[in-house]
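Please look through the sequence and the three-dimensional structure shown below. The paragraphs after them lead through selected parts of the structure in turn.

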Amino acid sequence: MLSQFLQFLFSGITVGATYALAALGFTLIYNASNVINFAQGEFIMVGGMLAFFFMQSGIPMPLAILLAIAISALVGILLVKLAIEPARDAEVVALIIITLGASLVIRGVIQIWLGKGVHSYPAFSGNEPIQIAGATLLPQSLWVLAITALVVVALWYFFSRTLAGKAILATSCNRLAAQLVGINTQRVLLVSFALSAALGAIGGVLLTPITLTSYDVGIMLGLKGFVAAVVGGLGSGLGAVLGGLLVGIIEAMAAGYISSAYKDAIPFILILFILFFMPRGIFGAQVTERV
Amino acid sequence: MNALKRHCALMFLAGVLLLLPLALPNNYYYDIAIHMAINAIIVLGLNLLIGFAGQISLGHAGFIGIGAYASAILPTHFGWHPIFAMVAGAAMASAIAAIVARPIFRLKGHYLAMATLGLGIIIAIVIKNEAAYTGGPDGMPVAALGLMGFSISGEKQWYWVLAVMLLFSFWAAQNLIDSPFGRALRALHGSEVAAQVMGVDIVRYKAAIFVLSAFFASLMGSVTAHYVGFVAPNIADFFHSIELMIMVVIGGMASIYGSLIGAVLLTALPQALSTFEGWETVAYGSILLLCMIFMPKGLVPTLAARFGRNDQEEH
């Protein structure tokens with residue numbers, strides 16, 4: 001009983017950590033620009049696919065991973081430069097379609113370049129499972145958790161202790177006021193996209209040895225990251241992390257105890273219930289809307 | 001908008017639909033024209049919701065899926081008459097829309113997008129998983145649509161059926177927008193608070209238009225199923241929802257003509273791009289990007305403004 005529960009918990013937390021990274025990406029971009037970036041899931045895919053490609057071309061693993069993350073960040077910057085900035089004053093719906101268009105372009109390019117196959121690479125430190133109270137934990141899961149935790153701490157430091165981080169926070173509070181005190185909001189936008197692309201790519205790189213990757217895994221992962229971000233109240237960093245873990249754990253529990261066929265539906269059923277009863281997410285702040 | 005202009009537009013559309021077969025060399029082109037008409041009818045309904053009432057829906061394909069699968073499952077597994085199956089599907093889609101409408105339309109912006117997206121994905125996953133009834137990922141065949149001993153078959157017959165349906169939908173949409181109901185919708189798009197102050201029950205109106213567009217989507221899902229003779233789960237998936245929303249936006253939000261243009265262009269686009277071999281997705285995405293960057297208001301409103309006509313008259 002306990003071992004089964006632990007097993008589901010482990011797999012939930014592992015996947016949840018990736019959702020958390022994706023949700024942080026959504027949150028970052030949403031705060032900096034009020035855009036929901038539907039291409040966020042593609043960064044997860046690009047990270048995993050590029051890491052696979054570089055390793056296959058004989059580049060040592062650590063370097064391949066760094067390259068994959070750096071190139072993903074570059075794709076994020078390109079996305080701002082080519083698509084978001086030119087459409088600066090567009091309506092929300094238009095911006096949503098722009099990010100959807102961008103996600104199609106990214107997916108299409110990867111599909112042409114690296115094909116439609118399903119890929120994977122060896123886990124970072126072997127596949128010898130660790131036994132904990134009858135449940136098994138893959139070493140790669142520990143990597144996922146450790147690096148996610150590290151990223152969250154680094155982000156916390158960045159936003160609360162550095163000038164650049166504070167500039168992003170200021171911009172998300174009030175763009176005009178931020179501009180007036182001399183913050184380069186254009187640069188803030190660039191940094192936010194690069195950072196969330198890198199976050200997505202890190203998630204993809206970490207998860208690929210466990211769940212495999214292919215050109216089309218980005219959509220579902222991205223949408224679940226979006227669910228996690230909304231559960232967390234859209235805009236709250238801590239909420240995004242907790243939301244990601246919560247969505248991952250509930251998904252794994254429901255898949256294990258109720259129905260594995262409906263695994264993918266569970267985050268969406270969850271979000272409908274949450275939105276019906278708590279329209280601003282679990283961790284969302286109470287906001288009074290100005291007319 | 002004055003009645004004369006409205007009638008002119010309707011007559012013009014009727015003329016185009018009447019003359020179009022002369023320009024269609026073979027069944028392949030008929031097939032494309034039929035899909036254009038189907039999409040145009042769905043997009044007209046969706047544009048009432050997105051463009052006029054200002055409420056986003058990222059899950060509309062779910063309703064199309066309900067209609068399509070009702071027409072596939074009820075006659076095959078339960079021996080229902082296809083017409084009753086079609087009505088039952090539309091009733092079910094409307095009922096689901098009505099049930100979720102109240103809680104959903106208290107939400108705004110991205111939360112509304114999330115809720116409608118979730119609803120659509122759940123419907124798609126149910127269709128994919130209940131393989132005993134739906135055939136799962138492989139899909140299932142659909143019986144022919146018969147009415148009083150006469151069954152519709154072949155591209156030419158279907159073309160005329162859909163031409164009539166499209167004309168009716170166009171006429172209905174025109175009238176709806178100029179009715180008190182349509183004015184209420186536009187009022188709540190402009191400012192919900194102002195509309196409320198003027199006595200518009202905003203949630204009720206949003207719910208009504210949501211149910212109406214779900215009803216039409218389901219109906220067209222049934223029509224598609226019967227026309228194609230086969231249904232597969234991708235009719236209900238997230239991509240189809242996105243495709244429909246893109247038709248609305250590219251054509252022009254809150255523009256009836258835009259809905260037609262958007263549906264025609266985006267139905268033709270994948271056909272035109274099929275020569276690019278492998279680059280379709282990239283080309284499709286790039287065209288979306290360019291359209292939205294350079295014409296964020298959509299084709300018809302942008303062109304109308306360009307040629308100096310009053311944008312307001314384009315409704």
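A133(A) lies in the loop between β1 and β2 (135-137) of chain A. Helices (H or I, at least four residues) and strands (E, at least two) are DSSP runs, numbered from the N terminus. The phi of A133(A) is positive, about 50 degrees, although A133(A) is not a glycine. Most residues other than glycine have a negative phi.

This is a predicted model, in which local features need pLDDT of at least 70 and side-chain atom pairs count only at pLDDT 80 or more, while totals for chains, interfaces and linings use all residues. Residues are numbered from 1 along each chain as its sequence is written, and chains are lettered from A and ligands numbered from 1 in the order in which they are written.

A second residue with a positive phi is L212(A), at about 65 degrees, and L212(A) is likewise not a glycine. L212(A) is placed in the loop between α8 (185-211) and α9 of chain A. L212(A) counts as partly exposed because 14 C-beta neighbours lie inside 10 Å.

The confidence of the prediction comes next. The predictor's confidence in each residue is given as pLDDT, from 0 to 100. Chain A has a mean pLDDT of 88, with 96% of its residues at 70 or more. Among the elements of chain A, helix α2 (residues 40-56) has the highest mean pLDDT (94) and strand β1 (residues 130-132) the lowest (84). For chain B the mean is 86, and 96% of its residues reach 70 or more. Within chain B, confidence is highest in α3(B), at 93, and lowest in strand β2 (residues 146-147), at a mean of 72. Over residues 311-315 of chain B, pLDDT stays under 50, and the model has 13 contacts beyond four places in sequence for these residues. Where pLDDT is low, the predicted coordinates should not be read in detail. The model as a whole scores ipTM 0.83 and pTM 0.86.

Ala, Val, Leu, Ile, Met, Phe, Trp, Tyr, Cys and Pro count as nonpolar, Asp, Glu, Lys and Arg as charged, and the others, Gly among them, as polar.

Within chain B, helix α3 (residues 60-78) and helix α4 (residues 82-104) have axes that come within 8 Å and cross at roughly 145 degrees. Axes are lines fitted to C-alpha atoms, for helices over the stretch in contact, and angles run from 0 to 180 degrees between N-to-C directions. Residues of α3(B) in this contact include F63(B), I66(B) and L74(B), and among those of α4(B) are M86(B), M92(B) and A97(B). The contact of α3(B) with α4(B) has 13 nonpolar, three polar and no charged residues.

S259(B) is found in helix α12 (residues 256-273) of chain B and counts as buried because 31 C-beta neighbours lie inside 10 Å. Beyond four places in sequence, S259(B) touches A40(B), V43(B), L44(B), N47(B), V248(B) and G251(B). A40(B), for its part, is in contact with L166(B), S259(B), L260(B), A263(B) and V264(B), leaving aside neighbours within four places. A33(B) is found in helix α2 (residues 27-52) of chain B, and A33(B) is buried because 23 C-beta neighbours lie inside 10 Å. With neighbours within four places in sequence left aside, A33(B) is in contact with L20(B), L24(B) and Y159(B).

Methods
Two residues are in contact if their C-beta atoms, placed from the backbone, lie within 7 Å. A residue is buried if 20 or more other C-beta atoms lie within 10 Å of its own, exposed if 12 or fewer, and partly exposed in between; C-beta atoms are placed from the backbone.
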